[in-house]
Each structure stands twice: as structure tokens, then as C-alpha cells.
Amino acid sequence: MNNELYKLIYAIITILITSGCFGYINYNILEKLTVIVDRPNNETDKKQKIMIFTGVNVGLYWILTTVLNCEISLSILLVLLFDVVGTILIIAPLAKGIDYVINIIRRIFGQSYAENRETRDYIFNTNKIQTLFVFDFDNNLITCGYLDYQQSGDNNYFDLALIPLDAPENQYSFEQVVEETSKHKDSRILVDFEKKIKIYILRY
């Protein structure tokens, strides 16, 4: 009976691991660290990466249970520990290193730096204080304020949460904003041709 129960537990755990449940943990952590960035609505790339991480987990689980003869509970714990700690300390730096080498090779061949993030994630993802001035294509000020939160680019929807500035919005003209942004080397301009807006970003 104990042997049958052991086989049942082993089968259930094996199904969980091979089904991709544990591989999703790796993927989710790397996505939060922006090591992995997939295009919006592209489930194929996501599934392929989860399958790769699942294969790593299956291999690790097999080594622990078969080669090293670890107990099932200990093997599961070690696989989960690897999924969290190993992903942060091993997989993430390794992936970053591969990207670094690829960009060196691209630079040697006269190609631009490869960046997988959405444009607005690339611009807004900083811990610096950012003051935003949003204009339409006719240079009319729509709104302005300190950036509080921005919707990530993974769902193709774009909205911003701004903290109002101390001065009234009508005190900021297009010419003043352009002049001020040109004084700061960390400033950026985000042009959204779909929404027909220009966002001047001052960073401090």
C-alpha cells in the first residue's frame, strides 16, 4: 500500500512539474525583473520559454530523485528553491550576460543596441522624479504633472497617473517646456503617433 501511495504521489508531482506549473515561476520572476519581455498578445513566445524552464525543472527533479535518491518532498522543496533563488542568482545574470555579449557582437557589425522593452516602459522605468508635459500635435498643452504611475506596455493600453504641479497648467507654454527640456541631458520626448500626443519628460 505504501508503495502504491508512493507511486501515486510521484506521478502527481511529476505531472505538476512537467505540465509547466514550476516553469511558470521562473518565467514570472524573470518577467518582473524585465529580463524577459514578450510582445503583447504573443502567447507563442511565452509558451516556448515556459517549456524551456519546465525542461530545466524536470531535469533537476529527475537528478534529485533518481541520481541522488532524494525524497520526493525534499526534491520538490529544492526545485521550488531553485525556481526562486536560482532564477534570481543564476538564470537572470546568465540571461543578462548573453544579451550583453549579443549587443557587443551587434556593435562590432555596426548594428544598433537591441532593446526588447516597450518604448514607454524603457522611458518611464526609472527611480528618478519625472515631470511630464503632455501636448497634442498642435502644441496645445493637454495636462502636466509628476509621474505617479504608468500602465505597462504589455496590454497595448496607455494611461498615466499624474500628481498635479504646484503652479497652474496655463503657466506652461510649449516654448518654455521645450527650452527647459533642452537644458537637461536626462530629459526625454515620447511621441505617440497613434494617440497624436507628445510627452516632454523632465528628470531630476
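Guide: We shall take the features of this protein in turn. This is a predicted model, in which local features need pLDDT of at least 70, side-chain atom pairs count only at pLDDT 80 or more, and totals for chains, interfaces and linings use all residues. Residues are numbered from 1 along each chain as its sequence is written, and side-chain values use heavy atoms, with hydrogens and water left out.

Visitor: What is the mean pLDDT of the protein?

Guide: The term pLDDT denotes the predictor's confidence in each residue, from 0 to 100. Here the mean is 81, and 84% of the residues reach 70 or more.

Visitor: How many helices and strands does the protein have?

Guide: Helices (H or I, at least four residues) and strands (E, at least two) are DSSP runs, numbered from the N terminus. This protein has six helices and five strands. Their order from the N terminus is α-α-α-α-α-β-β-β-α-β-β.

Visitor: What share of the residues is buried?

Guide: A residue is buried under 20% relative accessible area, exposed over 50%, and partly exposed in between (1.4 Å probe, protein chains only). Of the 204 residues in the protein, 30% are buried.

Visitor: Which residues make up the largest nonpolar core?

Guide: In soluble globular proteins, nonpolar side chains tend to be buried together. A nonpolar core is a set of buried Ala, Val, Leu, Ile, Met, Phe, Trp, Tyr and Cys residues joined through side-chain atoms within 4.5 Å. The largest one in this model has ten residues: I123, F124, L132, V134, L147, F158, L190, I197, I199 and I201. At least two residues come from each of α5, β1 and β5 (197-203), and β5 gives the most, with three.

Visitor: Which residues does L147 touch?

Guide: Contact means heavy atoms within 4.5 Å. Leaving aside residues up to four places away in sequence, L147 touches F124, Q130, L132, L160, A161 and L162.

Visitor: Is A92 buried or exposed?

Guide: A92 counts as buried because its relative accessibility is 7%. This residue lies in helix α4 (residues 72-108). Not counting residues up to four places away in sequence, A92 touches L30, L33, V35 and T87. A92 and V35 are 57 residues apart along the chain, yet their C-alpha atoms are separated by 6.5 Å.

Visitor: How many salt bridges are there?

Guide: A salt bridge is a side-chain nitrogen of Lys or Arg within 4 Å of a carboxyl oxygen of Asp or Glu. By this rule there are two salt bridges. In one of them, the closest N and O atoms of D186 and K128 are 2.8 Å apart. This pair links distant parts of the chain, 58 residues apart: D186 is in the loop between α6 (174-182) and β4 (188-192), and K128 in the loop between α5 (119-124) and β1 (130-136). D186 is partly exposed because its relative accessibility is 26%, and K128 is partly exposed at 33%. K183 forms a salt bridge with E180, where the closest N and O atoms are 4.0 Å apart. K183 counts as exposed at 56% relative accessibility, whereas E180 is partly exposed at 30%.

Visitor: Which residues do ring pairs link into a cluster?

Guide: Rings of Phe, Tyr and Trp (its six-membered ring) pair if their centres lie within 6.5 Å; planes under 30 degrees apart count as stacked, over 60 as edge-to-face and the rest as tilted. The structure holds six aromatic pairs, and ring pairs join F135, F174 and Y200 into a cluster.
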